[in-house]
Amino acid sequence: MLKTAAACGRFCMLRLLNMKPGEPTNELRSYGRRKGRKATPRQATLLRDLLPRVAVDLTAPSGRLPAGESGGARKKLFLEIGFGGGEHLVWQAEHNPDAMLMGCEPFEDGVIKVLDVIDRARIDNVRLHMGDARDVLRWLPEASIDRAFILFPDPWPKRKHQKRRLLNGGTLALLARVLKPGAELRFGTDIGDYARSALEAFQREKRFQWLAETPADWRARPADWPETRYEAKAHREGRRCYYFRFRRA
Ligand SMILES: C[S@@+](CC[C@H](N)C(=O)[O-])C[C@H]1O[C@@H](n2cnc3c(N)ncnc32)[C@H](O)[C@@H]1O
């Protein structure tokens with residue numbers, strides 16, 4: 001019985017890895033709302049005119065990476081999954097002019113915030129996908145990403161919802177395929193139980209090596225990891241945050 005379950009688990013994982021972007025999967029939805037307030041006229045213009053210019057085109061062949069598009073040829077490609085209001089994404093774009101930042105976020109209000117900054121500050125090294133990051137992970141070529149960030153993904157604290165948590169074995173397998181050997185994956189959370197289940201998933205996925213040497217390494221945020229909006233809220237509400245860095249073997 002157990003053997004059958006394990007075989008089925010492996011089969012499901014292989015199937016999920018080989019699906020095409022946009023193809024319906026049985027993956028559970030890992031995010032909450034897609035829309036908040038009604039867009040103002042300026043925001044509607046940003047969505048109509050700017051988003052198509054900076055959107056990752058998942059209908060293009062997967063080898064056509066944003067790094068080669070009008071933002072100029074960048075040496076590195078960074079990926080942020082679930083950027084929320086985009087503060088960290090924009091900070092990384094501004095501090096890494098040699099990198100193209102790809103951000104994935106299904107929540108329209110967050111995408112609008114980033115479009116607004118891109119437009120006002122004339123940032124040309126950000127590309128966006130307004131949708132599920134797992135579609136981008138399936139579209140990206142193997143070993144194409146230099147650094148990935150999953151910062152404070154939705155905590156789904158209720159026991160019956162925990163299966164919706166984004167950081168699980170399936171997502172790690174998708175990430176392991178697209179990260180370059182030696183690339184870094186950063187994960188932050190303010191939920192102890194999420195930290196624990198994520199570490200277990202990393203332990204099972206042998207292609208990642210945890211970079212922590214002492215507890216200080218996961219208790220403190222590195223200097224080039226600015227505080228996110230969600231993390232600031234967690235701190236205000238007295239929750240401890242955990243900062244994990246892994247290297248793709
Ligand atoms: C709790 S918020 C944190 C936002 C931001 N990283 C921060 O720390 O302020 C988690 C975000 O992840 C997004 N998200 C959840 N599942 C996602 C997925 N499959 N692909 C992309 N983004 C996702 C949600 O829409 C939400 O904005």
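Accessible areas here come from the Shrake-Rupley method with a 1.4 Å probe. The model is a predicted one. On that basis I looked up the surface: the protein exposes about 13100 Å². Carbon and sulfur atoms supply 53% of that area.

Next, the overall fold. I found nine helices and seven strands. The protein has 249 residues, and 47% of them are buried. I then checked contacts with a separation of 6 or more: 80% of them join residues 24 or more positions apart.

Then I turned to one helix pair. Two packed helices are described by the angle and the distance between their axes. How do the axes of α2 and α4 cross? Helix α2 covers residues 41-54 and helix α4 covers residues 108-121. Their axes come within 9 Å and cross at roughly 75°. An angle of 65 to 115 degrees counts as roughly perpendicular, so α2 and α4 are roughly perpendicular to each other. On the α2 side, I noted L46, L47, L50 and L51 among the contact residues. The α4 side includes V111, I112, L115 and I118. The contact's residues divide into nine nonpolar, one polar and five charged.

Last, backbone angles. Most residues other than glycine have a negative phi. I looked up two with a positive value. A143 has a phi near 50°. A143 sits in the loop between α5 (133-139) and β4 (145-151). F152 has a phi of about 55°. F152 lies in the loop between β4 and α6 (169-178).

Which of these is buried, and which partly exposed? A143 is partly exposed, at 37% relative accessibility. F152 is buried, with a relative accessible area of 7%.

Definitions and conventions. Residues numbered from 1 in each chain as written. Predicted model: local features only at pLDDT ≥ 70, side-chain atom pairs only at ≥ 80, totals over all residues. Heavy atoms only, no water. Helix = DSSP H or I, 4+ residues; strand = E, 2+ residues; numbered from the N terminus. Buried < 20%, exposed > 50% of the residue type's maximum accessible area, 1.4 Å probe, protein only. Contact = heavy atoms within 4.5 Å. Axes fitted to C-alpha atoms, helices over the stretch in contact; angles between N-to-C directions. Parallel < 35°, antiparallel > 145°, perpendicular 65-115°, else oblique. Nonpolar A, V, L, I, M, F, W, Y, C, P; charged D, E, K, R; others polar.
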